[in-house]
Amino acid sequence: MSRQHDSTPAPERMPTLFVPHGAGPCFFMQWDPVDAWDRMAGFLKGIAATLPQRPRAIVLVSGHWLERQVTVTASVSPELIYDYGGFPAHTYQLRYPAPGDPALAARLVELLGQAGVAAGEDPKRGYDHGVFIPLKLMFPDADVQVVQLSLRSDLNAQAHLDIGHAIAPLRDEGVLIVGSGMSFHNMRGYGDPRFAAISDVFDHWLSEAVSASPARRDALLQQWADAPSARQCHPPRGEEHLLPLMVAAGAGANSPGRKIFSDRVMQTTLSAYQFG
């Protein structure tokens, strides 16, 4: 008797991404100038079409959730956290009912534990705007399961590279790993023309670091604060919007990295990166 084989194809290895999530709910409101965020919105809307396949789930690391130890959302139906202030009333009515994935949350904790990274689950935590704002553009039907992964409050770059390395096996399980932040995040610099050149200098360094060989890439990113203009772009204790890149890079493992988007917004250069 011939043996039956499962004809379901194995998932292709997914890339990892670091994407800018904009300023609060910027993509869903009027801005001045009106087209300020249009190019970034278009980039985010086009991401799904570039992937090797539809992800079975998404693990997203946002710059807006810090915990003493790595924590993951474990709710079946996470609510939204409108963690921005001073925006139009309708932006607090935005919806993104993407389901959670408790099994994936448990898998994340397992992988992190195997790598010696302390981690836990939060069954009540919802999605902050670093999750639902970009995903509303990337996967507007909210039909892909999502687990949010926190940053560590110590803001240690090497620790976040290690987190990425630990969860890299998920790429072969059909899971898309996304870091959501901003490559420039100095609130005093937005809109200030003096920061145009400053952001360009750091963006050039960051793009070169990302495209280096994986071992060299990790070494450079671990020492990112020593880069030209680094602390003018990410002030001390304010690098939470850059650290999701470290997780994405670590999860990229031996895959090459490259810049996939860049734009000048509010006098600063903002970029996105892909690994694999």
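How much accessible surface does the protein chain have, and what share of it belongs to carbon and sulfur atoms? It comes to about 11800 Å², and 51% of that belongs to carbon and sulfur atoms (areas come from the Shrake-Rupley method with a 1.4 Å probe, and for residues only the protein chains shown count as cover). Keep in mind that this is a predicted model, where local features need pLDDT of at least 70, side-chain atom pairs count only at pLDDT 80 or more, and totals for chains, interfaces and linings use all residues. Residues are numbered from 1 along each chain as its sequence is written, and side-chain values use heavy atoms, with hydrogens and water left out.

**View 1. The whole chain.** Here you can pick out eight helices and eight strands (DSSP runs numbered from the N terminus: H or I of at least four residues for helices, E of at least two for strands). The radius of gyration is 18 Å, close to the 19 Å of the globule rule for 276 residues, so the chain is as compact as a globular protein of that length (the radius is taken over C-alpha atoms, and the rule is 2.2 Å times the number of residues to the power 0.38). Buried residues make up 56% of the 276 (buried means under 20% relative accessible area, exposed over 50%, partly exposed in between, with a 1.4 Å probe and protein chains only).

**View 2. Helix α8, tucked away.** This helix covers residues 243–252, and ten of its ten residues are buried, so it is largely enclosed by the rest of the structure. Among them are Leu 243, Met 246 and Gly 252. Just after α8, Ala 253 takes a positive phi of about 50°.

**View 3. Lys 259 meets Asp 203.** Their side chains form a salt bridge at 2.7 Å, N to O (a side-chain nitrogen of Lys or Arg within 4 Å of a carboxyl oxygen of Asp or Glu). Lys 259 sits in strand β7 and Asp 203 in helix α5, so the pair ties together parts 56 residues apart in sequence. Lys 259 is partly exposed at 35%, while Asp 203 is buried at 7%. Elsewhere, salt bridges that share partners join Arg 107, Glu 110 and Glu 173 into one network.

View 4. The structure holds twelve salt bridges, including one between Arg 152 and Asp 154 at 2.4 Å, N to O. Arg 152 is partly exposed at 24%, and Asp 154 is partly exposed at 38%. Arg 194 and Asp 192 also pair up, at 2.7 Å, N to O. Arg 194 is exposed at 64%, but Asp 192 is buried at 13%.
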